[in-house]
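Please read the following report with the model open beside you, and look up each residue and element as it is named.

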Amino acid sequence: MSEMIVKSVDVAVVGGGPAGLSAALSAKKNGAKNVLIIERGESLGGILNQCIHEGFGIDSFGEALTGPEYMQRFIDQVESERIPYMRNSMVLRVSKDRKIIVSSKEGLYEITAGSIVLCMGCRERTRGQICTPGTRPAGVYTAGAAQNYINLRGYRIGERVVILGSGDIGLIMARRLTLEGAKVLAVAEIMPYSSGLPRNMAQCLYDYEIPLFLSHTVVEIHGKKRVEAVTIAQVDERFKPLKGTEKKFECDTILLSVGLIPENELTRDAGIMIDETTGGAVVDESLQTSVAGIYACGNALHVHDVVDYVSLEAEKAGKSAAKNAAGRQQEKGTIKAKPGEGVRYVLPHKVSGHADVKFSLRVSSPERNVKLIVTDGERVIKTFMKTRVNPAEMIQLPLKKSEISGSREIIIKLQNAK
Amino acid sequence: MPSKNYVCIICPNSCEIVADFSGKEVAKIIGQSCRKGEEYVRKEIVAPERGLTTTVPVKNGDAALVSVKASKTLPKELIPKAVSAVAKARAEAPVKIGDVIIKNVLGTGVDIVATKNVSRKAGINTGQD
Ligand SMILES: Cc1cc2nc3c(=O)[nH]c(=O)nc-3n(C[C@H](O)[C@H](O)[C@H](O)COP(=O)(O)OP(=O)(O)OC[C@H]3O[C@@H](n4cnc5c(N)ncnc54)[C@H](O)[C@@H]3O)c2cc1C
Ligand code: SF4
């Protein structure tokens, strides 16, 4: 690799979605002079470009903005702060010594950064990853790809649609397709509960009387060139299809909305430790990964349902990155935080006990009237009562430094309130 | 007492709200975590309203479409009709967030406004990819 364009910055931000924008703004605000955003797409804003529905910024702005409106507020700030950004520029490699290789129209760049913030977002699970049986005809899309085609390009993707999986993007697209004149015949979800937010079930499915089949999976996709039909069937507790419960829907289009996974090839290649449950990096309370000076936030760290939390998390990562780039000492995380019974994951993975922390977590299954109990392995530190918990909703638990300092470890578990 | 269940759609908390009726009157509303939830259910009982978001083709823009929304919620039963009305509209670049694309849609007093900035196409084509 000769003829590389060499550059050096205080803070390099990989990805220009809401996480990247907030991380960059916060790094600048916290004293980093030379901040650079690197985005592979044509424009800044990430996935919000295609999320034209309302429901963003309720926490931060007190109004339900559309995705593009939310994102523009941050882009405007990036412009007025004169933070430079590269577009159509793909980060190919991040290394432990904080060098970044970028491919762009002008050629290859080698950028050395004081700190790096990883904000690559997530991508959708695809059919291969869920092993759908049947032929491979045209007309099968991930829900996000369909969203992109319809909302950014104005394509019509089909007339009769079945949605596999009940993730939020699939639910939002069920409504969008219906209003665009298509017929959404069914949503099939393998779990006994929806993986989307209840508000999206209400306003996207129930409003349009779209049937939801819980505990159902696809058993066959019919059609050679183009999808002609799909057969779904009920499953038992082991997710095995039950004979005699098959239902066949004639359709020309299938959307997959079977979940998101953090985009972390770069992170893995850099030798950064990954939490196999979240699919994102292992981080301490400053959002530093296992490699000094490299931070992670947003959907690249763990999948978020609400963008406001993405922005807040990214602000924190940007601040830490600015501190590190200026050579200022940071708190080292020594207390491990772990999920206990009923909890799928807890973030951050390590805390110092020298500052207040807000833990983010997700439960394993939907429950009612429960307590979230924070212990240090033996002693109960704090209990939070919840009338309803849902794996679709990320939960945040604030803890004071006085409550956690001195603990050897922190375990958060779920228990019936009775 | 007869009752009806609602899921509040105002914020991601998605509170489950129960309205108890005595006759046709609402006797009690429980389950909401904030005042907006009660307001939502009261409206939902008499005249449900929903937001509307969709897209409109743009002429001479650096993007093919501009995303739009209804400036206020519309009566729920008017949503499909309003979407059809918006489908016929065309915008011309440049468009700025907040620009009115359709005034007073279906005579409701609600405007359809842009939710995205679209610049005029420069020499080079920059379609979203
Ligand atoms: C379809 C959908 C609907 C949603 N609906 C809501 C909602 O109603 N309300 C709400 O609050 N939240 C919602 N969310 C959640 C919220 O929008 C996301 O959590 C948020 O956009 C995540 O931001 P991010 O910056 O982490 O990721 P992204 O927005 O995905 O941005 C990541 C960016 O990184 C870039 N990138 C990746 N790899 C590289 C690389 N190697 N080099 C350079 N650039 C790279 C990508 O191109 C992209 O621009 C929704 C999410 C989705 C997907
Ligand atoms: S009642 Fe309040 S907190 Fe609950 S979903 Fe509605 S707006 Fe959100």
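In this predicted model, A:Ala337 stands opposite A:Ile410, which belongs to strand S27 of chain A. Residues are numbered from 1 along each chain as its sequence is written, while chains are lettered from A and ligands numbered from 1 in the order in which they are written. Because the model is predicted, local features need pLDDT of at least 70 and side-chain atom pairs count only at pLDDT 80 or more, although totals for chains, interfaces and linings use all residues, and side-chain values use heavy atoms, with hydrogens and water left out.

**A sheet in chain A**

The residue pair above belongs to a parallel pairing of four bridges between S20(A) and strand S27 (residues 409-416) of chain A; helices (H or I, at least four residues) and strands (E, at least two) are DSSP runs, numbered from the N terminus, and two strands pair if DSSP finds at least two bridges between them. Five strands of chain A form an open sheet with mixed pairing, in the order S22-S20-S27-S24-S25, and its edge strands, each pairing on one side only, are S22 and strand S25 (380-389).

| Strands of chain A | Sense | Bridges | Residue pair |
|---|---|---|---|
| S20 (335-339) and S22 (350-351) | antiparallel | two | A:Ile335 and A:Val351 |
| S20 and S27 (409-416) | parallel | four | A:Ala337 and A:Ile410 |
| S24 (367-375) and S27 | antiparallel | six | A:Leu372 and A:Leu414 |

**Domains**

The domain assignment, whose bounds come from an automatic or database source, gives chain A domain 1 (5-123 + 261-330), domain 2 (126-258) and domain 3 (336-416). In chain A, the C-alpha centres of domain 2 and domain 3 are separated by 34 Å, yet six residues of domain 2 are in contact with eight residues of domain 3, where contact means heavy atoms within 4.5 Å. Chain B is divided into domain 1 (3-47) and domain 2 (53-114), and the C-alpha centres of these two domains of chain B lie 30 Å apart.

**A pocket and a cavity**

On a 1 Å grid over the protein atoms alone, a cavity is a set of points where a 1.4 Å probe fits but cannot get out, a pocket is an open set with protein on both sides within 12 Å along at least five of seven lines, and lining residues have an atom within 4 Å of a point. Which residues lie closest to the centre of the second largest pocket? Among the 44 residues that line this pocket, they are A:Glu54, A:Ala64, B:Ile10, B:Gly51 and B:Thr73. The second largest pocket holds about 1,100 Å³ of space, and its lining has 18 nonpolar, eleven polar and 15 charged residues. The largest cavity holds about 60 Å³, and its lining includes A:Ile150, A:Tyr155 and A:Arg156.

**Confidence**

Chain B averages a pLDDT of 92, and 95% of its residues score at least 70, on a scale of the predictor's confidence in each residue that runs from 0 to 100. Over residues 124-129 of chain B, however, the pLDDT is below 50, and this stretch has twelve contacts in the model beyond near neighbours in sequence. For the complex, the predictor gives an ipTM of 0.90 and a pTM of 0.93.

Methods
Grid points are joined across faces, edges and corners, and a volume is the space filled by probe spheres set on the points. Ala, Val, Leu, Ile, Met, Phe, Trp, Tyr, Cys and Pro count as nonpolar, Asp, Glu, Lys and Arg as charged, and the others, Gly among them, as polar.
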